Amino acid sequence: MLYSEKVMDHFTNPRNVGEMPDANGVGEVGNAKCGDIMRMYLKIEDGFIKDVKFKTFGCGAAIATSSMATELIKGKSIEEALKLTNSAVVEALEGLPPVKIHCSVLAEQAVKAALSDYYTRLGIDPVPIVGVLSDCEECH
Amino acid sequence: MVNIPMGRFVYADNAATTRISEPVFQSMVPFLTEQYGNASSLYGLGRDSRRAIEKAREKTANALGAEAREIFFTSCGSESDNWAIKSTALAMSHKGKKHIVTTAFEHHAVLHTCQTLEGQGFEVTYLPIEPNGIVSVEKVEKAIRPDTALVTVMYANNEIGTIQPIPEVGKLCREKGVVFHTDAVQAVGAVPIDVKAQNIDLLSLSAHKFHGPKGVGALYIRKGLVIPNFVDGGGQERGRRAGTENNAYIVGLGTAIELACASMEEKNAKVSAMRDRLIRELLKIPCTRLNGDPVKRLPGNVNISFEGVEGESLLLMLDSKGICGSSGSACTSGSLDPSHVLLSIGLKHEVAHGSLRLSLSDMNSEEDVDYILEQLPPIVQRLRDMSPIWEKIQREA
């Protein structure tokens, strides 16, 4: 298993790791059975992601993709965060081994799950905005 | 790219492979340089090679309580397993016997070979493993049928190091008249083996697990047991496994097995003391379990699950501190399922993902153990602090 230097950097020194007691959007994806769980905390103000934190149980790629996803959405508008794709995460990490692509899918979904929670808390149906979150295909 | 940090380097993955010892290396050198003769040649250069190979065969036989003519050199443990199982299956199928008994936690060299045979019309019973990582002899007995062609049970498990009741299974198979193979790749040099006393018909071994070179192994075939040849061709290995002999590596195997078995007791005492200290200290970390029987296990094997932690992350962080280990996590196997061995002893998926195997050899020192014990607990803590499931695990503990 060969990871890029960027992946190793984000694994060794993950950005934005931790919890956020005053988050107004929290999402968790994955399951312990398949070995990866990501929880993403967002603090959204005026339509912008003011702060983001994550906690991840998983392999090196799971930790690195979580870290990179938080970096890519921090300070961005909700609209921009919704456009985050797993391939953008992979690209920013300078590639991932093929068996680890599913970790980048989880990272994208963790962001979307947190945004869904944000809208749900506001009493707004998240589905028309965020879309339906599908489970990671490989977990089934 | 060899990425070894400036600080300490601790190799604790001896179940994966071992370092070639200096005497083994020195014994091989002449056969990689001036003694290049083909062992089948008539002149002196060839005869020297022949003598060296036959000497290595005697040493291998002595280590197993076998006769030299019962030892056949191969390229690796997997080849030995393939030969033993496929050839026995083929020979027995002519007698209408098409059933194989094995265990659920064999090495893939055995499991996948059995699966191939299933595709060819054989029926295979994969026996469950007891929670302590040992197969029940009673279950082996119950699984044997009149049409059983072969029983194959590993001598010691490669992941959790548990030593199987091989003499008992051997005795049972001999009484029932069933051919008995054991994959002893992890056991040779670590457990006293006597193929005659233990009623073993076929035994696989591999040199690189006991400070010999990679790329050479052996299969013991009990005299009188007739199974088909593995490689047809010239007369090498008495015509049963053709191909010009790998002189240097066979010589290396001979030196390594002789050394490994000569000092077994002394070496095991040293290695198992280090193992037990590692296990004792690591189990002080909360929500941690030892996988496999604490006593009936290989002298160098430590296999521990740290709940709330994923194995690959653990290995990467250990690597950054210069410590080499391995894990039964899915992420290190290239699939999404964790180790079949850990699942076979009843571990939940999430616990199996957090397993760490540290395997020691006589080349390790107490200082290595000190270093692991200094580095590992903070790494586990760091990953648990990052883990969204850790709080829940603590609450439930």
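I started with the largest cavity, which has a volume of about 310 Å³. Of the 22 residues that line this cavity, B:Gln186, B:Ala190, B:Lys209, B:Leu360 and B:Ser361 are the closest to its centre. This is a predicted model, where local features need pLDDT of at least 70 and side-chain atom pairs count only at pLDDT 80 or more, while totals for chains, interfaces and linings use all residues. Also for the record: residues are numbered from 1 along each chain as its sequence is written, chains are lettered from A and ligands numbered from 1 in the order in which they are written, and side-chain values use heavy atoms, with hydrogens and water left out.

Points are joined across faces, edges and corners, and volume means the space filled by probe spheres set on them.

Which helix gives the most to the lining of the largest cavity? I found helix H8 of chain B (residues 264–282), with three residues; helices here are DSSP runs of H or I, at least four residues, numbered from the N terminus. I sorted that lining by class and got nine nonpolar, ten polar and three charged residues. For the classes, Ala, Val, Leu, Ile, Met, Phe, Trp, Tyr, Cys and Pro are nonpolar, Asp, Glu, Lys and Arg are charged, and the others, Gly among them, are polar.

The whole structure has two cavities of 30 Å³ or more.

**Second largest pocket.** I read a volume of about 570 Å³ here. There are 33 lining residues, and the closest to the centre are B:His107, B:His108, B:Asn158, B:Glu159 and B:His340. In chain B, H3 (77–93), H4 (108–119) and H10 (330–333) each supply at least two residues of the lining; H3(B) gives the most, with three. By class I have nine nonpolar, 17 polar and seven charged.

**Chain B against chain A.** I counted 21 residues from chain B and 27 from chain A in the contact, meaning heavy atoms within 4.5 Å. The buried area is about 2000 Å², with 65% from carbon and sulfur atoms; that is accessible area (1.4 Å probe) lost on putting the two parts together, summed over both.

How many salt bridges cross this interface? The rule, a side-chain nitrogen of Lys or Arg within 4 Å of a carboxyl oxygen of Asp or Glu, finds one. B:Glu312 and A:Lys100 make a salt bridge at 2.8 Å, N to O. On chain B's side, H9 (311–320), H12 (349–352) and H13 (366–386) each give two or more residues.

**Salt bridges overall.** My search over all chains gave 33. I looked up A:Asp117 with A:Arg121, at 2.9 Å, N to O. Both sit in H5 of chain A (101–121), four residues apart, about one turn of the helix.

Key:
1 Å grid on protein atoms, 1.4 Å probe; cavity = no way out; pocket = protein on both sides within 12 Å on 5 of 7 lines; lining within 4 Å.
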